[in-house]
Amino acid sequence: MACPIGNGACPAGGQSNGEAAGAEKGENYWTYLHLDKILSAQALKSGAAGAVVHDEHLFIIVHQAYELWFKQIIYEIDSVRQLFMTELNERRMLDIIKQTNRVVLILKLLVGQIEILETMTPLDFLDFRDHLSTASGFQSLQFRLLENKLGLKKECRVKTKSDYSAPYHDHPELMEQIRDSEEQPSLAALVERWLERTPGISAKGFNFWDRFQGAVKAMLNDELKAAQAVANEAQRKEEVEAVNRRSVLFDSIFDVKLHDALRARGERRWSHVAFQGALMISFYRMEPRFNQPYQLINLLMDIDELLIKWRNNHVQIVQRMIGSQQVGTGGSSGYQYLRATVSDRYKVFLDLFNLSTFLIPRQYVPPLSRAMQFRLSHSISMGTSEAHEFLCDAGRDDDSSSEEAESAPGPVS
Ligand code: HEM
């Protein structure tokens with residue numbers, strides 16, 4: 001592609017000598033990127049009736065840059081969702097990791113980008129704030145699509161005077177996009193289904209959950225014995241109580257009804273089986289077949305964490321610019337509303353963060369049976385039929401074969 005600017009050409013319209021190198025395709029840097037549209041989209045309001053406020057230019061550019069990156073993130077998330085919806089194979093899994101990682105890197109950039117806007121002082125902002133009228137980031141369609149496509153549920157949103165979709169009520173085509181993003185399977189929902197197929201959790205095969213419960217029981221017994229052996233009475237009481245509290249905590253994952261009750265309250269998001277899958281992957285992450293799933297789990301947590309960091313940085317700049325008592329131009333309570341969004345209720349992969357609560361010391365982790373070890377020893381990237389099976393056997397009882405295999409003298413071949 002020709003670079004008209006590099007050739008000293010005037011970029012206005014790309015009709016210059018800079019077009020020469022790309023002329024055969026009819027494109028040059030300027031036209032290919034539609035820079036005429038992008039670079040003429042900074043219409044400062046402050047200049048229209050009075051002096052131009054220098055910082056309004058930065059304010060517009062920063063927001064536009066955000067929107068462009070939101071667009072790219074949505075593009076990647078849509079692609080990852082699509083990959084989950086089609087039959088998975090090892091190549092697609094690599095694409096999922098690659099694209100999710102890209103989203104993480106973009107979000108890192110976006111978290112840092114807000115600092116540039118902090119070079120503007122509150123008085124500079126006040127000089128043009130009135131020109132914003134009712135315009136507000138609250139109306140960012142792409143931000144809402146992104147939240148929904150990741151899996152943020154309506155009931156988890158902080159309540160505001162008007163519904164989050166109110167800005168689009170008069171725009172049927174935008175409302176359609178919002179509805180679509182609410183109704184289509186979100187990334188969180190697709191990951192949940194995928195985790196439910198983790199090999200090794202089926203009761204007919206390795207039965208991870210049964211073994212894990214046994215391991216936890218043994219661990220708690222040891223802890224109780226140690227607590228009861230403490231000489232000092234007050235300390236002994238305290239330590240025994242601590243073990244009992246831990247036991248109650250584990251009950252919340254062993255008792256499906258308790259798990260479902262927490263789910264109904266929004267404190268857990270995924271099905272009990274998906275939770276088992278995620279826990280199993282965490283324990284046996286070193287096994288080749290779990291390497292990529294474990295990487296993905298971490299990337300998903302990065303996404304949640306970075307969005308929370310963005311919300312936090314944003315709320316800080318808002319307080320710095322307009323204080324904590326002014327309502328926003330979008331009609332919310334401003335700072336107070338935004339501060340409430342910096343919370344776990346906005347974490348769509350909350351269950352992954354909670355996994356660490358239930359990790360147990362290595363010596364208690366149930367050892368893999370030889371058959372299971374073999375099943376997990378095939379790296380996905382090897383492209384074996386086993387790996388393929390793991391990635392795409394929706395709903396199949398993938399442990400049924402390992403029943404026989406467990407009694408076999410050596411690894412199944
Ligand atoms: C001077 C800097 C900024 C100020 C004072 C500011 C102010 C606000 C306020 C007060 C709200 C609450 C809604 C309302 O208006 O009532 C809001 C929401 C929002 N703003 Fe900003 N903002 C700033 C910069 C940015 C930037 C750079 C972005 C980047 C895209 C952004 C995106 C958003 C989004 C997406 C929301 C909706 C958040 C939610 O509902 O969870 N804002 N902003």
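Residues are numbered from 1 along each chain as its sequence is written, and side-chain values use heavy atoms, with hydrogens and water left out. Because the model is predicted, local features need pLDDT of at least 70 and side-chain atom pairs count only at pLDDT 80 or more, while totals for chains, interfaces and linings use all residues.

- His 314 belongs to helix α13, residues 288–322 (helices are DSSP runs of H or I with at least four residues, numbered from the N terminus).

**Ligand shell**
- There are 27 residues around the ligand (a heavy atom within 4 Å of it), and Ser 136, Arg 144, His 314, Ser 332 and Tyr 337 come nearest.
- Helix α13 gives the largest share of the shell, 6 residues.
- By class, the shell has 15 nonpolar, 10 polar and 2 charged residues.
- Ligand oxygen atoms lie 2.7 Å from a side-chain N or O atom of Ser 136 and 2.7 Å from a polar side-chain atom of Arg 144.

**Helices α9 and α10**
- The axes (lines fitted to C-alpha atoms over the stretch in contact) of α9, residues 208–228, and α10, residues 233–254, come within 8 Å and cross at roughly 170°.
- The two helices are therefore roughly antiparallel (angles over 145 degrees, on a scale from 0 to 180).

Terms used: Polar contact = N/O pair within 3.5 Å; in protein donor to acceptor, adjacent residues only side chain to side chain. Nonpolar A, V, L, I, M, F, W, Y, C, P; charged D, E, K, R; others polar. Parallel < 35°, antiparallel > 145°, perpendicular 65-115°, else oblique.
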